[in-house]
Amino acid sequence: MIKLLNVRKGFNIGQSNEFIAVRGVTLTLAVNGITVLKGPSGSGKTTLLSLIGCMARPTSGRIEISGDNDILKNRTIDSVEVTSLPERFLTEIRRRTFGFIFQQFNLVKGITVLENVLLPSYPLGEKYSFVRPRAEMLLKMFGLGERAQTKIEWLSGGEMQRVAIARALMNDPPVLIADEPTAHLDSKLSSEFMTIIAQLKNSGKTIIIASHDPLVFDADSIDRVIVVRDGLIDGDGK
Amino acid sequence: MRRWIEKQHSILDFTLSSLLRRKAKNISLFLVYTLVVFLLGSAMLFTTAMKREALLILKDAPEMVVQRLLMGRYDPIPMDYLNTIKKIRGVTSADVRLWGYYYDPVMGANYTLMVPHHDPPAPGNIVIGHGISRVRTLDKGDIFSFRAYDGRVQSFTVTGELSAASELVSADLILMADADFRILFGLPDSRATDIVVKVRNQKELRTIAGKITELLPDTRPIIRDEIVRTYDAVFDWRGGMVVVLLIMALSAFIIFAWEKASGLSAEERREIGILKAIGWETADILAVKTYEGSLVSFLSFSTGILAAYAHVFFFSAFLFAPALKGWSVLYPDFRITPFIDPYQLTVLFFLTVVPYTVATIIPSWRAAIVDPDAVMRS
């Protein structure tokens, strides 16, 4: 379970260009299923997503990751209050708990598809002979087995999207976070993406998506839609 | 520990692929870096080796030379001073020397003319240094003419050539007979160039020098250590002059390195953001940048130093020789004995590697400490 208690996030605090993106959000996200944060551009959903994914610290409020051991993988404690953790521990929680799919895919250019998928595993210090087959298996799963040695820049948009998903799954995180994943995809590729997401949900993953694309929040596989507007929760349901 | 090694292995792998991805930037850095190390290294190796060479030569120089002064300037010394000096207690031997300079207007070069103590050439004959035989294309049996002090032409037969091994000191040397020397320069039999003195006890050198000045107030005794110090200063000054120029080159390099290595491109900054977002720690990113900087530094430093070594010791420092070997027209053609001063090598290492590494790491650190969510908002 991921709990947000009166979370606020501001940028350039105390300066003339101060901007508050999230204005005191209290929210509980259950494990399993797909949750969509829906809202127009600038509503604060991406900021909320980065706070949930331990990418940024809130200006005030608390974020707690708790519940079963699935989320706190390899940890013996029941829950952890992540907002006060030092960077090292926060990073460890982030890489073991969350996999990220970014709007721009954010793949590293100049290296191969396989190397991109392997990147999240490097800081873990696992043997190459152990991680490589896992990366190859993920690429096969997304129909990219033949493209493993291709440089990223030679891929189509859909292929890049699938490489980004494979990379997000590399460390087998229990939670997948996707920020506007269909923003650069046509309708066909967006549908394909939602099919993959549904399969991942069925395999036991928790998925949190920020999107204002009806193809995403109207999909059958979605379990919960949270409406975000002006940095506040404006609705919660299916 | 095994995990740590595996992690470093993966990070090193990524570093190598990063270096290859930015080939043009890294190759240009490598070339400029190598060039700076090569220039600085050449200057350092050359001046150190030259100083050592000069010291080795001066090791056999006379312990003391006595010159006569007239109006504060050098003047040929009267031969009878020899007996006065010989009588001083502690003096093992004293000998007069005949040597001088001759300006050759044909070559625009100065030659050193000398009468050797042992086996001087027969009157009418001369033995010449390798430098002279090279520029005047003279061989054994050839005639070499001089214009004497009174304008008359004196001709000599070349009967030998000094070995190339001693060229550093003998390139411009001409050996001749006592009588020929005196005729050429118009030096009376009662005068000599200077007197060399050997003493029994080295510790008494200064005392004996004092006694000579007391007995012969118009003379100036010069002790070998003073000559060594002068040579040292001369080469240090010459080396220093080049080092000053090269420090300017080094400064330019630091600016270049700062610009090239530190000026993280938008692409590199984005990459750092991606790595942080997918779970890399700031320390992991700094490790990549440190490995990158170290690899470029190490490769450039090694290549630069090896090239400098080859330049100085195999190719006789052909780039620097005109500035560093002296002012003569007859540059000695010789191989310097390889010699490396570990202290200077260390100084050069820190002068080049440290600024480069700092230039590489600081901006990467600044980029790496930003929140990883920056990549989501970009």
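These exercises work through helix packing, sheets and the chain contact in a predicted model.

Residues are numbered from 1 along each chain as its sequence is written, and chains are lettered from A and ligands numbered from 1 in the order in which they are written. Local features need pLDDT of at least 70, side-chain atom pairs count only at pLDDT 80 or more, and totals for chains, interfaces and linings use all residues.

**Exercise 1. Find how many helices and strands chain B has.**

Step 1. Take helices (H or I, at least four residues) and strands (E, at least two) as DSSP runs, numbered from the N terminus. Chain B then has 13 helices and twelve strands.

Step 2. Turn to burial. A residue is buried if 20 or more other C-beta atoms, placed from the backbone, lie within 10 Å of its own. Of the 378 residues in chain B, 32% are buried.

Step 3. Turn to contacts, where C-beta atoms, placed from the backbone, lie within 7 Å. Among chain B contacts between residues at least 6 apart in sequence, 82% join residues at least 24 apart.

**Exercise 2. Describe how H2(B) and H12(B) cross.**

Step 1. The axes of H2(B) (residues 23-58) and H12(B) (residues 342-368) come within 10 Å and cross at roughly 160 degrees.

Step 2. That makes the two helices H2(B) and H12(B) roughly antiparallel, a label for angles over 145 degrees.

Step 3. The crossing of H2(B) with H12(B) is right-handed: the near helix is turned clockwise from the far one by less than a right angle.

Step 4. List the residues. H2(B) brings Tyr33(B), Val36(B), Val37(B), Leu40(B), Gly41(B), Met44(B) and Thr48(B); H12(B) brings Gln344(B), Leu348(B), Thr352(B) and Tyr356(B).

Step 5. Sort this H2(B)-H12(B) contact by class: seven nonpolar, four polar and no charged residues. Ala, Val, Leu, Ile, Met, Phe, Trp, Tyr, Cys and Pro count as nonpolar, Asp, Glu, Lys and Arg as charged, and the others, Gly among them, as polar.

**Exercise 3. Trace the pairing around S8(B).**

Step 1. Strands pair if DSSP finds at least two bridges between them. S6(B) (residues 125-128) and S8(B) (residues 153-161) pair in the parallel sense over four bridges. Ile128(B) stands opposite Glu161(B).

Step 2. S7(B) (residues 143-147) runs antiparallel to S8(B), joined by five bridges. Phe146(B) has Gln154(B) as its bridge partner.

Step 3. The S7(B)-S8(B) hairpin has five residues between its strands, and Gly151(B) there takes a positive phi near 95 degrees.

**Exercise 4. Give the strand order of the six-stranded open sheet in chain A and find its edges.**

Step 1. The order is S6-S7-S8-S3-S9-S10, with mixed pairing.

Step 2. S6(A) (98-101) and S10(A) (232-237) each have a single partner strand, so one side of each is left without a neighbour in the sheet.

Step 3. From one strand to the next, the twist averages 20 degrees.

Step 4. S6(A) runs parallel to S7(A) (residues 175-179) through four bridges. Gly99(A) stands opposite Leu176(A).

Step 5. H5(A) (residues 157-169) packs on the sheet, touching S6 and S7 of chain A; its direction makes about 165 degrees with that of S6(A).

**Exercise 5. State how many residues each chain gives to the contact of chains A and B.**

Step 1. Chain A gives 25 residues and chain B gives 25 residues.

Step 2. On the chain A side, H1(A) (45-52) and H2(A) (87-97) each supply at least two residues. The largest share, five residues, comes from H2(A).

Step 3. By class, the chain A side has ten nonpolar, six polar and nine charged residues.

Technical notes. Axes are lines fitted to C-alpha atoms, for helices over the stretch in contact, and angles run from 0 to 180 degrees between N-to-C directions. Angles under 35 degrees count as roughly parallel, over 145 as roughly antiparallel, 65 to 115 as roughly perpendicular and the rest as oblique. Two residues are in contact if their C-beta atoms, placed from the backbone, lie within 7 Å. A residue is buried if 20 or more other C-beta atoms lie within 10 Å of its own, exposed if 12 or fewer, and partly exposed in between; C-beta atoms are placed from the backbone.
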